[in-house]
Amino acid sequence: MSVNKKDIFASVQCFSTKNFDIRFIKQDDCEALLKVYSDKKSQPIFNSDNCHGDDFCYETIDRMNSAMKFWFESYEKRYFVRYAIVDRQTNTAIGTVELFTRFADDHFNNCIIMRTDLLSSYEKKEYISELTQIFIEHAKEYYEGQMIATKAISSAEDRISALLSLGFRKSDFSLIGFDGTEYNEYYEYNL
(Lines give C-alpha, C1' and ligand atoms only; values in the text may rest on other atoms or scores of the structure.)
Protein backbone atom coordinates (compact mmCIF):
# COMPACT_ATOMS: atom_id res chain seq x y z
CA MET A 1 0.00 0.00 0.00
CA SER A 2 1.30 3.46 -0.86
CA VAL A 3 2.30 5.67 2.04
CA ASN A 4 -0.30 8.31 1.14
CA LYS A 5 -3.24 5.86 1.15
CA LYS A 6 -5.55 5.60 4.13
CA ASP A 7 -5.88 2.04 5.40
CA ILE A 8 -9.46 1.01 4.63
CA PHE A 9 -8.88 -2.17 6.63
CA ALA A 10 -8.14 -0.17 9.78
CA SER A 11 -11.33 1.87 9.61
CA VAL A 12 -14.11 2.08 7.03
CA GLN A 13 -15.12 5.64 6.30
CA CYS A 14 -18.83 6.41 6.02
CA PHE A 15 -20.14 8.52 3.14
CA SER A 16 -23.41 10.34 2.64
CA THR A 17 -25.14 11.43 -0.53
CA LYS A 18 -28.47 13.14 -1.12
CA ASN A 19 -30.43 9.89 -0.73
CA PHE A 20 -28.05 7.42 0.92
CA ASP A 21 -25.72 6.76 3.81
CA ILE A 22 -22.94 4.37 2.90
CA ARG A 23 -21.20 2.52 5.72
CA PHE A 24 -19.67 -0.81 6.59
CA ILE A 25 -22.23 -3.62 6.76
CA LYS A 26 -23.69 -4.54 10.15
CA GLN A 27 -25.23 -7.81 11.27
CA ASP A 28 -28.45 -5.84 11.84
CA ASP A 29 -28.65 -5.36 8.05
CA CYS A 30 -29.29 -9.06 7.48
CA GLU A 31 -33.09 -8.99 7.08
CA ALA A 32 -33.06 -5.94 4.83
CA LEU A 33 -30.27 -7.40 2.70
CA LEU A 34 -32.17 -10.67 2.35
CA LYS A 35 -34.85 -8.64 0.55
CA VAL A 36 -32.15 -7.40 -1.84
CA TYR A 37 -30.50 -10.76 -2.48
CA SER A 38 -33.83 -12.60 -2.89
CA ASP A 39 -35.19 -9.95 -5.30
CA LYS A 40 -35.80 -11.87 -8.56
CA LYS A 41 -35.55 -8.68 -10.64
CA SER A 42 -32.19 -7.76 -9.11
CA GLN A 43 -30.52 -11.18 -9.14
CA PRO A 44 -29.59 -11.20 -12.86
CA ILE A 45 -27.75 -7.89 -12.42
CA PHE A 46 -25.52 -9.02 -9.53
CA ASN A 47 -21.86 -9.47 -10.41
CA SER A 48 -20.80 -12.90 -9.21
CA ASP A 49 -17.87 -13.19 -11.62
CA ASN A 50 -14.94 -15.09 -10.16
CA CYS A 51 -16.76 -15.70 -6.85
CA HIS A 52 -16.13 -19.45 -6.59
CA GLY A 53 -19.67 -20.36 -7.67
CA ASP A 54 -21.61 -18.00 -5.39
CA ASP A 55 -24.40 -16.37 -7.41
CA PHE A 56 -25.60 -14.03 -4.61
CA CYS A 57 -29.14 -15.39 -4.89
CA TYR A 58 -30.11 -15.91 -1.26
CA GLU A 59 -33.56 -17.16 -0.30
CA THR A 60 -33.22 -17.76 3.46
CA ILE A 61 -32.03 -15.79 6.47
CA ASP A 62 -29.51 -18.56 7.20
CA ARG A 63 -27.98 -18.20 3.74
CA MET A 64 -27.85 -14.41 4.09
CA ASN A 65 -26.20 -14.76 7.51
CA SER A 66 -23.64 -17.13 6.02
CA ALA A 67 -22.82 -14.67 3.24
CA MET A 68 -22.46 -11.84 5.71
CA LYS A 69 -20.17 -13.94 7.88
CA PHE A 70 -17.98 -14.47 4.82
CA TRP A 71 -18.02 -10.71 4.09
CA PHE A 72 -16.90 -9.92 7.66
CA GLU A 73 -14.14 -12.55 7.48
CA SER A 74 -13.00 -11.24 4.09
CA TYR A 75 -12.67 -7.77 5.54
CA GLU A 76 -10.62 -9.12 8.46
CA LYS A 77 -8.36 -10.90 5.95
CA ARG A 78 -8.05 -7.66 3.95
CA TYR A 79 -9.66 -9.10 0.78
CA PHE A 80 -12.48 -6.59 0.23
CA VAL A 81 -14.84 -4.13 1.88
CA ARG A 82 -18.61 -4.62 1.69
CA TYR A 83 -20.49 -1.39 2.28
CA ALA A 84 -24.20 -1.20 3.11
CA ILE A 85 -26.22 1.32 1.12
CA VAL A 86 -28.83 2.75 3.46
CA ASP A 87 -31.83 4.76 2.27
CA ARG A 88 -31.75 7.93 4.37
CA GLN A 89 -35.55 8.24 4.49
CA THR A 90 -36.28 4.70 5.68
CA ASN A 91 -32.95 4.02 7.43
CA THR A 92 -32.97 0.60 5.75
CA ALA A 93 -30.23 -1.14 3.78
CA ILE A 94 -31.28 -1.33 0.13
CA GLY A 95 -28.08 -2.84 -1.27
CA THR A 96 -24.34 -3.20 -0.97
CA VAL A 97 -21.18 -2.11 -2.73
CA GLU A 98 -18.07 -4.29 -2.64
CA LEU A 99 -14.69 -2.70 -3.41
CA PHE A 100 -11.24 -4.20 -3.69
CA THR A 101 -8.05 -3.80 -5.66
CA ARG A 102 -7.53 -6.67 -8.09
CA PHE A 103 -4.09 -7.92 -9.01
CA ALA A 104 -4.04 -10.35 -11.94
CA ASP A 105 -2.35 -11.18 -15.23
CA ASP A 106 -4.93 -9.46 -17.41
CA HIS A 107 -6.15 -5.99 -18.40
CA PHE A 108 -7.83 -5.59 -14.99
CA ASN A 109 -4.56 -5.79 -13.04
CA ASN A 110 -4.10 -3.04 -10.43
CA CYS A 111 -7.77 -2.20 -10.87
CA ILE A 112 -10.43 -1.29 -8.32
CA ILE A 113 -13.35 -3.65 -8.83
CA MET A 114 -16.71 -2.24 -7.76
CA ARG A 115 -19.71 -4.55 -7.34
CA THR A 116 -23.00 -2.77 -6.70
CA ASP A 117 -26.04 -4.85 -5.71
CA LEU A 118 -29.33 -2.97 -5.33
CA LEU A 119 -32.96 -3.73 -4.60
CA SER A 120 -34.67 -3.57 -8.01
CA SER A 121 -36.74 -0.49 -7.08
CA TYR A 122 -33.43 1.41 -6.70
CA GLU A 123 -31.94 0.20 -9.99
CA LYS A 124 -32.44 3.65 -11.52
CA LYS A 125 -29.98 5.91 -13.33
CA GLU A 126 -30.19 8.72 -10.75
CA TYR A 127 -29.44 6.41 -7.80
CA ILE A 128 -26.68 4.49 -9.57
CA SER A 129 -25.05 7.76 -10.64
CA GLU A 130 -25.24 9.14 -7.11
CA LEU A 131 -23.70 6.01 -5.58
CA THR A 132 -21.01 5.52 -8.20
CA GLN A 133 -19.96 9.18 -8.06
CA ILE A 134 -19.18 9.03 -4.34
CA PHE A 135 -16.88 6.05 -4.87
CA ILE A 136 -15.14 7.72 -7.82
CA GLU A 137 -14.47 10.71 -5.56
CA HIS A 138 -12.99 8.63 -2.73
CA ALA A 139 -11.47 5.56 -4.39
CA LYS A 140 -7.92 6.88 -4.65
CA GLU A 141 -7.86 7.73 -0.93
CA TYR A 142 -8.13 4.07 0.05
CA TYR A 143 -7.45 1.78 -2.90
CA GLU A 144 -4.55 1.13 -5.20
CA GLY A 145 -5.52 1.12 -8.85
CA GLN A 146 -5.34 3.01 -12.10
CA MET A 147 -9.02 2.50 -12.90
CA ILE A 148 -12.37 1.43 -11.50
CA ALA A 149 -14.15 -1.41 -13.28
CA THR A 150 -17.71 -2.56 -12.77
CA LYS A 151 -19.99 -4.97 -14.58
CA ALA A 152 -23.23 -3.98 -16.29
CA ILE A 153 -25.11 -6.59 -18.29
CA SER A 154 -26.72 -5.40 -21.52
CA SER A 155 -30.26 -5.50 -20.09
CA ALA A 156 -29.28 -3.17 -17.20
CA GLU A 157 -30.03 -0.07 -19.24
CA ASP A 158 -30.27 2.38 -16.32
CA ARG A 159 -26.98 1.14 -14.93
CA ILE A 160 -25.22 1.46 -18.28
CA SER A 161 -26.67 4.92 -18.84
CA ALA A 162 -25.48 6.03 -15.40
CA LEU A 163 -21.98 4.68 -15.97
CA LEU A 164 -21.64 6.30 -19.38
CA SER A 165 -22.88 9.64 -18.02
CA LEU A 166 -20.10 9.54 -15.40
CA GLY A 167 -17.35 8.89 -17.96
CA PHE A 168 -17.09 5.10 -17.85
CA ARG A 169 -16.57 3.33 -21.16
CA LYS A 170 -17.33 -0.23 -22.15
CA SER A 171 -14.16 -2.30 -21.89
CA ASP A 172 -12.78 -4.12 -24.90
CA PHE A 173 -11.22 -6.70 -22.58
CA SER A 174 -12.36 -9.76 -20.67
CA LEU A 175 -11.69 -10.18 -16.99
CA ILE A 176 -9.95 -13.55 -16.64
CA GLY A 177 -11.02 -15.55 -13.62
CA PHE A 178 -8.80 -17.62 -11.36
CA ASP A 179 -9.84 -20.75 -13.32
CA GLY A 180 -9.35 -19.15 -16.76
CA THR A 181 -13.02 -18.24 -17.29
CA GLU A 182 -13.51 -15.07 -19.34
CA TYR A 183 -16.00 -12.55 -17.98
CA ASN A 184 -17.33 -9.69 -20.10
CA GLU A 185 -19.64 -6.67 -19.97
CA TYR A 186 -17.30 -4.55 -17.85
CA TYR A 187 -17.16 -0.78 -17.87
CA GLU A 188 -14.04 1.08 -16.83
CA TYR A 189 -13.19 4.51 -15.55
CA ASN A 190 -9.60 5.79 -15.56
CA LEU A 191 -8.56 7.50 -12.34
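Modeller: The expected span of a helix is 1.5 Å times one less than its number of residues. Keep that rule in hand, and remember that this model is predicted.

Biologist: How do you know that the span of helix 2 agrees with that rule?

Modeller: Helix 2 runs over residues 61-76, which makes 16 residues. At 1.5 Å a residue, helix 2 should span 22 Å. The C-alpha atoms at its ends are 23 Å apart, so the two values agree.

Biologist: Which residues of helix 2 are buried?

Modeller: Met64, Ala67, Met68, Trp71, Ser74 and Tyr75.

Biologist: What puts them on the same side of helix 2?

Modeller: Their arc. They cover only 120° around the axis, so they sit on the same side of helix 2. An α-helix has 3.6 residues a turn, so residues three or four places apart point the same way.

Biologist: What does the face turned away from the buried side carry?

Modeller: Exposed residues: Asp62, Lys69 and Glu76. The cut-off for exposed is over 50% relative accessible area.

Biologist: What covers the buried residues of helix 2?

Modeller: The cover includes strand 2 (20-24) and helix 1 (30-37). It also includes strand 3 (81-87) and strand 4 (92-102).

Biologist: Take Tyr83, in strand 3. Why does Tyr83 count as buried?

Modeller: Buried means under 20% relative accessible area. Tyr83 has 1% relative accessibility, so Tyr83 counts as buried. Tyr83 and Leu34 are 49 residues apart in sequence, with their C-alpha atoms 15 Å apart in space.

Biologist: Phe56 lies in the loop between helix 1 and helix 2. Is Phe56 buried or exposed, and what makes you say so?

Modeller: Buried. The relative accessible area of Phe56 is 4%, and the cut-off is under 20%. Setting aside residues up to four places away in sequence, Phe56 touches Tyr37, Phe46, Asn47, Ser48, Cys51, Trp71 and Arg82. One of these, Trp71, is among the buried residues of helix 2. Phe56 and Asp117 are 61 residues apart along the chain, and their C-alpha atoms are separated by 9.3 Å.

Biologist: What stands out in the phi of Arg78?

Modeller: Arg78 follows helix 2 and lies in the loop between helix 2 and strand 3. Its phi is positive, about 70°, although Arg78 is not a glycine. Most residues other than glycine have a negative phi. Asn50, also not a glycine, has a positive phi of about 65°. Asn50 lies in the loop between helix 1 and helix 2.

Biologist: Now the largest pocket. How much space lies in it?

Modeller: About 550 Å³. Of the 28 residues that line the largest pocket, Asn50, His52, Phe80, Phe100 and Arg115 are the closest to its centre. By class, the lining has 16 nonpolar, five polar and seven charged residues.

Biologist: Which element gives the most to the lining of the largest pocket?

Modeller: Helix 2, with five residues. Strand 4, strand 5 (111-118) and strand 8 (175-176) each supply at least two.

Biologist: Last, helix 4 (residues 157-165). Which of its residues are buried, and what puts them on the same side?

Modeller: Arg159, Ile160, Ala162 and Leu163 are buried. They cover an arc of only 160° around the axis, which puts them on the same side of helix 4. They pack against strand 5, helix 3 (125-142), strand 6 (147-151) and strand 10 (186-190). Gly167 follows helix 4, with a positive phi near 100°.

Technical notes. Residues are numbered from 1 along each chain as its sequence is written. This is a predicted model: local features need pLDDT of at least 70, side-chain atom pairs count only at pLDDT 80 or more; totals for chains, interfaces and linings use all residues. Side-chain values use heavy atoms; hydrogens and water are left out. Helices (H or I, at least four residues) and strands (E, at least two) are DSSP runs, numbered from the N terminus. Buried means under 20% relative accessible area, exposed over 50%, partly exposed in between (1.4 Å probe, protein chains only). The arc is that of the directions from the helix axis to the C-beta atoms. Contact means heavy atoms within 4.5 Å. On a 1 Å grid over the protein atoms alone, a cavity is a set of points where a 1.4 Å probe fits but cannot get out, and a pocket is an open set with protein on both sides within 12 Å along at least five of seven lines; lining residues have an atom within 4 Å of a point. Grid points are joined across faces, edges and corners, and a volume is the space filled by probe spheres set on the points. Ala, Val, Leu, Ile, Met, Phe, Trp, Tyr, Cys and Pro count as nonpolar, Asp, Glu, Lys and Arg as charged, and the others, Gly among them, as polar.
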